[in-house]
Amino acid sequence: MSPHSAERPRVVRSVLSRLTTPGPLLAIGLGATTVAGSLWIATFNHSLSNQSATVLLSFYFLVGTIGTGVLAGLEQEMTRTVARAHAVGHPVGAAVRRQLRQAAGLAAVTVVVLAAASPLLLSHWLGHSWLMGLALLAGLASTWAAFLVRGVLAGCQDFRFYSLTLVVQGVATIVPSSLLALAWSGHMVGYAFVFALAPLVSAISGLASPTARRSWRATGGAAGAAGAAGAGAVPQPEPREAAEAAEAAEAAGLAEPAEQGGPIAPAESTAGTLFAEEVVAAGDGAEAMPTPAAPEAADEPGGSPREKLVLLTLATLVSQLLINAVPLIIDHRLKADVAKSLGSSMGMSRLALLCLFPLQAPLLPLLAAAAARHDFREVRRKVGFLVAACLGAGALGVVAVAVAGPWLLRTYFGSSYRLSEIFLSALALSTAFLMTAFVLQSAQVALNRHRVVFASWLAGLAVMALVFVLPLAPLTAAAWAGILGPLVVTVIAAADVMLVTRPVPSVTTPAADSSGGVPAPVQAPVGDGPAVVTETGATVAPVAEGVRR
């Protein structure tokens with residue numbers, strides 16, 4: 001056998017292993033979801049009348065506004081809670097049950113509010129159809145289930161099954177929609193229920209994750225490492241843990257794949273060893289320091305877990321209003337064909353956000369781990385890279401939409417009214433700012449800046465509302481509101497992240513002994529936590545958490 005023949009199987013295995021790492025898997029899942037969303041809109045646009053298509057587009061934006069707005073915060077909080085429990089070897093099931101109780105209360109409040117607002121929803125956006133109202137409730141329940149399941153999968157770093165849920169949702173949307181187009185032309189309610197139930201199918205597929213099942217009652221791991229640290233031995237990460245941390249970084253596009261990358265093994269977060277490393281950072285003097293409590297019980301800056309969930313939920317709701325408010329506000333002021341073209345163009349320009357939302361799943365644990373060890377330079381590096389990527393992709397999107405946008409709306413989406421290239425470019429620029437704002441939001445959540453997250457989105461919504469009050473033509477107001485609102489959010493969020501992660505100047509204090517050693521650097525300002533005595537005898541005070549609030 002020639003050396004080249006012997007080399008081929010190894011090359012094939014290497015390529016296959018790279019394709020089964022989180023990055024390519026997420027790309028496949030995101031691609032399936034994005035294509036499914038565009039095909040769903042294109043299919044009913046070609047099959048239904050302008051009036052029915054406008055109602056379905058309003059249904060689409062309502063599911064996005066209410067479903068994603070109210071419930072998407074559950075996924076991020078579930079991810080954060082499960083990741084922290086998983087990191088220290090605590091049973092994931094207990095963390096999930098706590099989040100489920102809060103999610104059930106939030107869902108109940110949502111249903112009550114929708115019931116009270118149902119006359120307005122039916123008359124203005126759902127074509128006076130109670131069946132469309134039931135489809136809206138079904139869509140919200142499915143979205144609730146999908147977000148919770150994906151939050152558990154992301155917290156356990158099982159991005160293989162996380163990606164599978166995205167693929168399943170795409171297939172569950174495309175196949176029934178195609179069958180409806182072939183069998184029953186004009187069945188508006190059928191298209192609505194297809195879109196509503198696809199997330200539920202994806203959530204069911206995610207329950208088969210073996211990693212999540214093993215983590216449900218798992219103990220030990222990092223907790224054992226923390227115990228060893230309390231005895232004075234610095235725990236070293238296992239090779240498997242290091243490899244999986246690298247895979248998680250690669251999933252966010254922040255690291256190169258390993259030379260011999262393999263399929264995702266049952267994930268173990270490296271954050272647990274971070275807690276242990278903090279305990280032994282001072283060497284032999286660490287015995288005086290208390291062992292860190294369980295993450296859920298530990299006091300964190302930025303408010304209680306319940307307050308954080310409420311703030312993140314409100315911020316997500318406001319962000320979805322910012323994304324979807326334009327067609328919902330001005331549709332009734334436009335003719336049916338213009339409203340159909342506007343809704344289709346908004347759907348087309350916002351498809352990039354479907355790709356970004358799931359990417360927050362691998363990004364948030366990485367940023368949270370870096371923030372937990374006060375590695376703010378790493379936070380700035382990761383966030384800066386992704387912000388530059390979002391703005392660069394947005395610039396390419398503006399050019400692409402200006403060139404091919406009118407043709408896509410007419411041929412692919414079946415819209416008869418022609419919107420100008422300038423208007424379509426404005427929508428693409430708005431999407432670029434939104435993508436950047438969501439990346440910055442992940443950093444803010446990791447840094448426990450939930451209050452500023454909510455304030456920034458609220459400021460953007462206020463600016464958008466101000467534009468609609470001005471005496472402008474509907475499409476002109478839509479273009480300016482779509483740009484200025486997200487721009488304000490991006491500026492505020494970027495300033496906040498830069499302020500919180502700025503380099504902290506160092507000060508020095510003399511050593512405790514009289515041997516005349518070199519003064520040890522101390523980060524300022526000083527917090528209220530216990531001081532740590534270094535090997536040289538110098539007193540090192542912890543960074544005040546209040547500075548990062």
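## A buried asparagine

At 2% relative accessibility, N45 counts as buried, a term that means under 20% relative accessible area, while exposed means over 50% and partly exposed lies in between (1.4 Å probe, protein chains only). N45 is placed in helix α2 (residues 22-47). Helices (H or I, at least four residues) and strands (E, at least two) are DSSP runs, numbered from the N terminus. Apart from its neighbours within four places in sequence, N45 is in contact with A53, K340, S344, F413, G414 and S415; contact means heavy atoms within 4.5 Å.

## Basis of the report

This is a predicted model, in which local features need pLDDT of at least 70 and side-chain atom pairs count only at pLDDT 80 or more, while totals for chains, interfaces and linings use all residues. Residues are numbered from 1 along each chain as its sequence is written, and side-chain values use heavy atoms, with hydrogens and water left out.

## The chain as a whole

The chain has 18 helices and four strands. Of its 549 residues, 52% count as buried. Among contacts between residues at least 6 apart in sequence, 78% join residues at least 24 apart.

## Helices around α18

Helix α18 (residues 474-500) and helix α12 (residues 305-330) have axes that come within 10 Å and cross at roughly 165 degrees. That makes α12 roughly antiparallel to α18. Axes are lines fitted to C-alpha atoms, for helices over the stretch in contact, and angles run from 0 to 180 degrees between N-to-C directions. Angles under 35 degrees count as roughly parallel, over 145 as roughly antiparallel, 65 to 115 as roughly perpendicular and the rest as oblique. The crossing of α12 and α18 is right-handed; a crossing is right-handed if the near helix is turned clockwise from the far one by less than a right angle, and left-handed if anticlockwise. On the α12 side, L322, V326 and I330 meet P474, A478, G485, P486 and V489 of α18.

Helix α17 (residues 450-469) also crosses α18, at roughly 155 degrees, with axes that come within 8 Å. α17 is thus roughly antiparallel to α18, and their crossing is right-handed. The residues of α17 in this contact include W457, G460, M464 and F468, and those of α18 include W480, G482, L484 and I492. For helix α16 (residues 421-446) and α18, the axes come within 8 Å and cross at roughly 25 degrees. These two helices are therefore roughly parallel to each other, and their crossing is left-handed.

## Aromatic rings

The structure holds 10 aromatic pairs. Y60 and F195 form one that is edge-to-face, with 5.5 Å centre to centre and 65 degrees between the planes. Y60 lies in helix α3 (residues 50-87) and F195 in helix α7 (residues 188-206), so the pair ties together parts that are 135 residues apart in sequence. Rings of Phe, Tyr and Trp (its six-membered ring) pair if their centres lie within 6.5 Å; planes under 30 degrees apart count as stacked, over 60 as edge-to-face and the rest as tilted.

Both Y60 and F195 are buried. They also belong to a cluster linked by ring pairs, in which the other members are W40, F44, F59, F61 and Y191.

## S215 and the cysteines

S215 is found in helix α8 (residues 210-216) and is buried, at 5% relative accessibility. S215 and V82 are 133 residues apart in sequence, and their C-alpha atoms are 9.5 Å apart in space. Not counting residues up to four places away in sequence, S215 touches H86, P91, V92, G93 and C156.

C156 has 0% relative accessibility and counts as buried. C390 is buried as well, at 6% relative accessibility. A disulfide is taken to be a pair of cysteine sulfur atoms within 2.5 Å, and by this rule the count comes to zero disulfides.

## Two loop residues with positive phi

H128 lies in the loop between α4 (92-124) and α5 (130-155). Its phi is near 60 degrees, a positive value in a residue other than glycine. With a relative accessible area of 61%, H128 is exposed.

N448 is placed in the loop between α16 and α17. N448 is not a glycine, yet it has a positive phi of about 60 degrees. Its relative accessible area is 15%, and N448 is buried.
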